[in-house]
Amino acid sequence: MSPTRKRINRLPFLQWLAIETGLIVVLSLAWFTESRLAGYSAFVGGLIYVIPNAYFAHRMYRFEGARNAHLVVGNMFRAETVKLALTAVFFAAVFILMEPVHVPALLFTFAVMVVLSPLLRWFIRPQPQR
Amino acid sequence: MEMVIMAAALIIGLGALGAGIGFGLLGGKLLESTARQPELGNQLQTKAFIMAGLLDAVPMIGVGIAMYLIFVVAG
């Protein structure tokens, strides 16, 4: 049985990315009032979450439908593994290459994005194609 | 120094263990429920996607803190 690539759901991918980027900018501006470095670090912290998460969403919706359920689950596991690995690599790169870095701003923005992103996906869900 | 590395290893290891168990259960239930009611496959996939985001929240924050411990505190 060959997997079907026909799209069943409409992914609001751009909408998610736009809202997440807007959230990062707002949080960065809030940290910017403390210092320029804090604002920059907050922006980087948000990006560390958004980039692996965009990959996860893209990979998870590679296959759709009951006929491809085994491929959906396999892709979900692989996407999660890559997402965690990418996050670790990005954090390591920031702590090694970005000098100096405002750690509270970086981790706070990352944690806020981690909590807010599933809520965003709950309110703006993939809709079935008509 | 060694204790900091140990702490980071515990954070990453236990976080990965929890995420692994959670994703195993989530994937298993998704397959099971899709097999029971194939017409709900799309809705179940969307719900699994949202739950996956909630499930990996704590391990992701743990990875961030562990990297901070390894590269800033111990480094």
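I take a salt bridge to be a side-chain nitrogen of Lys or Arg within 4 Å of a carboxyl oxygen of Asp or Glu. I note that the model is predicted, that local features need pLDDT of at least 70, that side-chain atom pairs count only at pLDDT 80 or more, and that totals for chains, interfaces and linings use all residues. Residues are numbered from 1 along each chain as its sequence is written, chains are lettered from A and ligands numbered from 1 in the order in which they are written, and side-chain values use heavy atoms, with hydrogens and water left out.

**Entry: salt bridges**

I searched with the rule above and found three salt bridges over all chains. In one of them the side chains of A:Glu20 and A:Arg121 meet at 3.0 Å, N to O. I see A:Glu20 in helix α1 of chain A and A:Arg121 in helix α4 of chain A, so this pair ties together parts that are 101 residues apart in sequence. Across the interface of chain A and chain B the rule gives one salt bridge, and I find the side chains of B:Asp56 and A:Lys83 meeting in a salt bridge at 2.6 Å, N to O.

**Entry: the interface of chain A and chain B**

I counted contacts (heavy atoms within 4.5 Å) and found 37 residues of chain A in contact with 30 residues of chain B. For the buried area I used the accessible area (1.4 Å probe) that two parts lose on being put together, summed over both; chain A and chain B bury about 2,900 Å² between them, and 81% of this is on carbon and sulfur atoms. A:Leu84, A:Phe95 and A:Pro118 supply 16% of the area that chain A buries against chain B, more than any other three residues.

I then looked for polar contacts, that is, pairs of N or O atoms within 3.5 Å where, within protein, one must be able to donate a hydrogen and the other to accept it, and where residues adjacent in sequence count only if both atoms are side-chain atoms. Four residue pairs are in polar contact across the interface, both residues at pLDDT 80 or more. On the side of chain A that touches chain B, α2 (36-60), α3 (69-97) and α4 (103-123) each supply at least two residues, and α3(A) gives the most, with 15 residues. I sorted the residues of that side into 28 nonpolar, four polar and five charged, where Ala, Val, Leu, Ile, Met, Phe, Trp, Tyr, Cys and Pro count as nonpolar, Asp, Glu, Lys and Arg as charged, and the others, Gly among them, as polar.

**Entry: aromatic pairs**

I paired rings of Phe, Tyr and Trp (its six-membered ring) if their centres lie within 6.5 Å, with planes under 30 degrees apart counted as stacked, over 60 as edge-to-face and the rest as tilted. The whole structure holds eight aromatic pairs over all chains. The rings of A:Trp31 and A:Phe108 have centres 5.8 Å apart and planes at 65 degrees, so I record the pair as edge-to-face. A:Trp31 is in helix α1 (residues 13-32) of chain A and A:Phe108 in helix α4 of chain A, 77 residues apart.

**Entry: chain A elements**

I read helices (H or I, at least four residues) and strands (E, at least two) as DSSP runs, numbered from the N terminus. Chain A has four helices and two strands, which run β-α-α-α-α-β from the N terminus on.
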